[in-house]
Amino acid sequence: MKDFVELFRIIDSTTKTNSKIDALVAYFGKINDSDRLWTVAIFSKKRPPRAVKTTLLRKWAREAANLPQWLFEETYHIVGDLAETISLLIPKSKEKREFSLSQIIEELIDLKSKDDDYKKTFILDKWNHMTNAERFVFNKLITGGFRVGVSQKTIVNALSKFLGIDQNTIAHRLMGNWTPSTVTWHSLIEKPGKGETQSKPYPFYLAYALDIDINDIGDPQEWSTEWKWDGIRGQVIKREGQIFIWSRGEDLMTDKFPEFSNLINEKEDDFVIDGEIIPMINQVPLDFSVLQTRIGRKTITKKHLTEAPIYLIAYDLLEYNSIDIRDRPLVERRLLLQNLVEGLSSNSNIIFSKDITFHSWQKLTEIRETARQNNAEGLMLKLKNSEYKVGRKKGEWWKWKVDPMEIDAVMLYAQRGHGRRANLYSDFTFAVWDGDNLVPFAKAYSGLTDAEFKEITAFVKKNTREKFGPVSSVKPELVFTIAFEGIAVSTRHKSGIALRFPRIKRWRKDKSADEADSLDTLKGFLE
């Protein structure tokens, strides 16, 4: 455990990727296979489920520190992190013990089935025999709030360097529905067997947002262009008579989308198709909010299948009849994909994503402006000779979205942030005018500089009207431009609408509250 705590300290204290990779490589060389596997799982967001409620942790920590609730809570709001607050407030331990990472996690997994008295005894015993640094990381493991600056790509690069295996192979081996309880280090990383790879998706190739002039990317004839749809990026896998549906976030969603079960009855071809999972009726894509009605359901009813039927808009073919074809040119993969999809039956719910025909960047620019009329977010641009790579690469695939919609709104509520923004108000609720009343319609917390957050924090402290726990109601004076990607009718929101990806675009210091937009203006985007 002390090695993992030291690794955490090093990674948390640097922003240099190479330093993080070197620290991981050195760490992997010191520990056993079981700790290696759990380390990879933790940084790959495959942590064990939370064993103890945070309300209980706060209660036990207050008792151990002999603090009144108000003082503990006030300290928590200042520190901004529960795990750190607990580690700092509990008296220092007098007797240290050695724990391995895998031992701690396996005990936490077992703890989930125990009663609260047993959990309290276990937690207090660990706190009383750990250093402050060990307590901090231990608390992170308990609460599941294990956020540290290590991306999946960093883990892949570190494992590649440690094992001498190429990065693409490592990235593929880490995909799928594995946990350290179901695999070993050897079977997952060093030498996976065929049975363990049957359901595995491939790492997704991700595009960068186009950040240069469209005329600077080359000859238009070298590029393939499709609509960019607003759904869930996913892979549909058909291997040896079984169907698997994976999201880009590595969630196995086969049961969520029974529409694709018919693929089992298709001809013998096995395949892995990359595309966008979206709801459609009569070939018309529905709003993302309709897709959300399917994602959160444990049981899919006939009503769901009727009101939100799911399709895959097929972009790319990654594997065909057990052969990985990702290194073939895009045009070759898409020709195979088109022939494959056209050979499927009409109830396969897979639709080939057709190329958009254009002869100049000016013409494509005009086409892009019609994206919203086609229920699309914009365009995807891909070099015709590009391979299907791993992760986010720049230069061969671009996403060219239409400009976001914007509305000027008044800040009504503010809440402190977490981590390095624990002392700043950085989470805000915004409202627009409905007659003489301000109606809340969105929350946002990104888009401002640290200096602006500090200035707004000073305003909130001076102009707070009421407090509702950590939330402050403020004098409605500050106006901000809110950008968003989509809008839909919502019965769950007081305003009657829900926004997709709202964020703060700018602080409108030049506008007073009465110059903010109205609810009618906001609803006008629905038309």
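I start with burial: a residue is buried when under 20% relative accessible area, exposed when over 50%, and partly exposed in between. I keep in mind that this is a predicted model.

**Entry 1: K389 and E396.** I looked up E396 and found a relative accessible area of 22%, so E396 counts as partly exposed. Its salt-bridge partner is K389, with the closest N and O atoms 3.3 Å apart. K389 is partly exposed too, at 27% relative accessibility.

**Entry 2: the overall search.** How many salt bridges does a search of the whole structure find? I note 35. Side chains of opposite charge can pair when their charged atoms come close.

**Entry 3: E226 and R334.** Here I found a salt bridge between the two side chains, at 3.6 Å from N to O. Which parts does the pair tie together? E226 sits in strand β3 (residues 223-228) and R334 in helix α16 (residues 330-342), so the pair joins parts 108 residues apart in sequence. I then checked burial: E226 has a relative accessible area of 0% and is buried. R334, at 5% relative accessibility, is also buried.

**Entry 4: R328 and E332.** I turned next to a salt bridge whose closest N and O atoms are 3.4 Å apart, formed by E332 with R328. Are these two buried or partly exposed? I have E332 as partly exposed, with a relative accessible area of 36%. R328 is partly exposed as well, at 28% relative accessibility.

**Entry 5: a network.** Last, I asked which residues are linked in a network of salt bridges. My note lists K228, E377, K401, E485 and R503.

Terms used:
Residues numbered from 1 in each chain as written. Predicted model: local features only at pLDDT ≥ 70, side-chain atom pairs only at ≥ 80, totals over all residues. Heavy atoms only, no water. Salt bridge = Lys/Arg side-chain N within 4 Å of Asp/Glu carboxyl O. Helix = DSSP H or I, 4+ residues; strand = E, 2+ residues; numbered from the N terminus. Buried < 20%, exposed > 50% of the residue type's maximum accessible area, 1.4 Å probe, protein only.
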